[in-house]
Amino acid sequence: MTEGALGQIAKKELREITRDGRFTIVAAATLLLLVAALAFGLRQSAAVRAERAAAQASADEHFREQDDKNPHVAAHYGTYVFKPSGALTFVDPGVEPFVGSSVKLEAHRRNALEGARAQDSTSIARVGRLSVAAVLQLLVPLLVIGLGFSAWTSERERGTLRMLAASGVRPGVLFGGKVLGLAAALAGVLVPAALVIVGAAMLGGVGHAPAPRALSIAAAYAAYFGVFVALALGVSARSRSSRGALVALLGLWVVWSLAMPRAVLDVAALASPVPGSSEVQRAVAHSLERGLPGGAPREARVEAITEAMLEEQGFAGAETLMDPALLGAVELQAEARYESEVIDFHFAEWERQKARQERVAAWLGALAPPVAMRSLSSALAGTDEAHHRHFADAAEAHRRAFVDMLNREIAEHAGEDVWAYRAGRETWARAPAFRYEPPPLGWALSSQGVNAGSLLLWLVFASAFAWWSGKRVRVV
Amino acid sequence: MLQAVGLKKHYGEVVALKGLDLKVEAGEVFCLLGANGAGKTTTIQLFLGFVEPTAGKALIAEREVRLHPLETKRELAYIPENVMLYPNLTGLENLRFFVALAGKAELSDAELSATLERAGLARAAVDRRVGTYSKGMRQKVGIALAMAKKARVLLLDEPTSGLDPKASNEFSELLEEVKKDGVAVLMATHDIFRSKEVGDRVGIMKHGELVATMSTADLSHADLERVYLEHMHD
């Protein structure tokens with residue numbers, strides 16, 4: 001009996017929604033926007049991918065084809081690496097349009113990534129950035145509100161609530177039927193969109209999008225929409241009129257989706273400020289010249305590193321090293337190690353400050369599902385700040401290997417006059433190639449505990465609220 | 001089949017029902033006559049479980065409504081003054097929906113259509129959206145629901161209000177059909193004429209109290225009207 005009633009209620013809800021002309025218009029508009037956002041995202045992704053691949057090939061060729069020169073001079077000339085576009089960028093571009101995509105790798109400097117696409121955009125393009133994620137995060141909740149705000153109030157206003165109440169149906173079955181009906185109407189819009197997304201992705205050559213991440217994004221959005229379905233039903237059950245329910249739900253959407261994202265960032269920045277890139281670079285430059293804060297002066301530290309390196313190679317001290325060329329090469333490497341120490345110190349502190357600010361933002365964002373979802377979505381798509389930093393760290397590791405290789409070339413082949421030595425294309429061809437491996441899903445999720453947890457808690461709370469409200473709908 | 005034992009309902013200081021004792025047997029139509037605010041609708045709502053009694057008991061098929069809300073509702077059918085249905089669904093879809101809620105999802109469309117026709121709904125109207133129905137047509141769907149559910153109790157609240165004479169007569173005939181199926185009917189109304197037409201017994205309510213109960217077999221229309229007006233002017 002219960003199963004029959006549940007199915008009938010869900011069918012009735014779905015029929016009522018789909019036979020309402022407004023649903024057809026709103027659903028069609030949402031689907032159109034999703035497809036447009038998808039088309040735009042795929043085109044952008046493909047263009048960026050091709051552009052960066054070509055740029056990387058060009059930079060590699062430029063390095064390999066350079067004239068004979070001293071390897072350390074070549075290290076100063078450096079090379080460039082380009083951040084590959086993530087497989088799911090077309091779904092959620094995250095911070096990608098606003099952060100740099102290329103970095104110069106050179107000796108003595110850890111450069112910041114440059115070349116943000118947003119810098120080259122017009123102001124109109126920046127404001128009207130349409131993405132699949134934006135449609136899913138902002139517009140689909142509006143669709144859910146539009147479909148669900150009168151789920152209970154219309155029963156009362158129409159007079160069918162008394163017929164329902166007199167029927168002997170269990171409140172839980174009635175509630176379940178309304179949830180299923182609303183979810184089915186929503187699925188009617190989103191499932192075709194999802195199929196179009198998957199199909200277009202396969203045709204567009206991004207079929208290698210990692211399945212675990214894609215499935216995780218789908219699950220996260222399902223939970224997100226579930227929050228709004230439950231809230232719409234709960235508010236409708238508690239409201240005296242459909243108008244009241246609609247105003248309450250729209251007010252919540254405005255606060256959560258428009259006001260809170262900005263407020264969270266501003267409060268987090270106030271509570272836990274983070275220096276800018278140029279400030280960090282100044283601190284690095286100061287420490288390179290004067291030594292680390294609270295540490296030995298530069299010359300003393302480089303000398304200590306040199307002594308340690310000589311000991312590693314079996315020499316008692318610099319004065320016992322008979323070959324000046326070898327000493328010159330060791331000192332070059334010691335300088336490089338000191339620079340790495342300084343960079344690691346300041347960048348580690350910078351990372352800690354950023355992580356602290358992100359934690360503050362995450363806890364504040366737990367108050368609003370759209371804020372949590374925005375962070376979670378870009379993390380799962382691999383387009384958040386953490387993934388950007390992962391690439392930057394990988395580029396830095398490659399820079400050190402690259403510079404080290406060139407310095408070792410001097411140590412092994414330069415002879416007495418280190419600076420007179422010239423290497424050629426054979427040497428450049430041996431430079432390590434940069435291959436970036438994006439981090440796995442587990443790594444992405446490890447920093448999203450607060451966001452994922454808050455979304456789940458909201459789903460539980462909203463469901464309990466909807467259930468409790470539905471049971472208490474007053475007939476008279 | 002349907003019984004009130006010392007049933008009382010207070011809304012704060014306001015006494016809606018003073019203490020009702022009433023019994024309606026299977027196959028009997030009992031009409032509650034009274035002016036607006038007499039307590040008729042409150043009585044119906046207490047049997048429906050829409051409100052809880054302040055004291056006393058409302059029983060359906062010997063089960064107390066307050067303690068067995070779902071089981072008692074499955075025994076009854078309810079036709080309010082305005083039978084409100086889902087306007088975007090057809091008559092058949094509405095009936096199928098409410099019948100499924102009552103635990104009779106196994107009834108086929110053919111059976112439900114036949115029930116609608118038995119309740120007097122034109123064949124052509126069965127597959128039309130209820131938004132196009134008149135009040136009388138919606139009421140027929142309500143009667144069809146009672147028949148399809150095989151309800152043992154039928155609660156009617158001003159069922160002929162707003163109906164034209166033809167529709168009211170059709171309704172009276174349908175009530176006779178329902179009665180023959182052994183259904184106990186409690187009808188709240190201020191239509192003296194209809195009470196005499198369809199009722200086996202009539203109870204006059206005034207200020208929350210059942211002030212008189214009589215069998216309609218021994219009364220003419222004029223008698224009933226006289227008795228009613230005497231009580232109203234007391």
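1. Glu197(B) sits in helix H8, residues 192-198 (a DSSP run of H or I, at least four residues).

2. Some background: this is a predicted model, in which local features need pLDDT of at least 70, side-chain atom pairs count only at pLDDT 80 or more, and totals for chains, interfaces and linings use all residues. Residues are numbered from 1 along each chain as its sequence is written, chains are lettered from A in the order in which they are written, and side-chain values use heavy atoms, without hydrogens and water.

3. Now to the interface: 30 residues of chain B and 24 residues of chain A take part in the contact (heavy atoms within 4.5 Å). By class, the side of chain B that touches chain A has 20 nonpolar, 4 polar and 6 charged residues (Ala, Val, Leu, Ile, Met, Phe, Trp, Tyr, Cys and Pro count as nonpolar, Asp, Glu, Lys and Arg as charged, and the others, Gly among them, as polar).

4. Between the two chains there are 2 salt bridges (a side-chain nitrogen of Lys or Arg within 4 Å of a carboxyl oxygen of Asp or Glu). Arg19(A) and Glu93(B) form a salt bridge at 2.7 Å, N to O. There are also 6 residue pairs in polar contact between chain B and chain A, both at pLDDT 80 or more.

Terms used:
A polar contact is a pair of N or O atoms within 3.5 Å; within protein, one must be able to donate a hydrogen and the other to accept it, and residues adjacent in sequence count only if both atoms are side-chain atoms. Helices (H or I, at least four residues) and strands (E, at least two) are DSSP runs, numbered from the N terminus.
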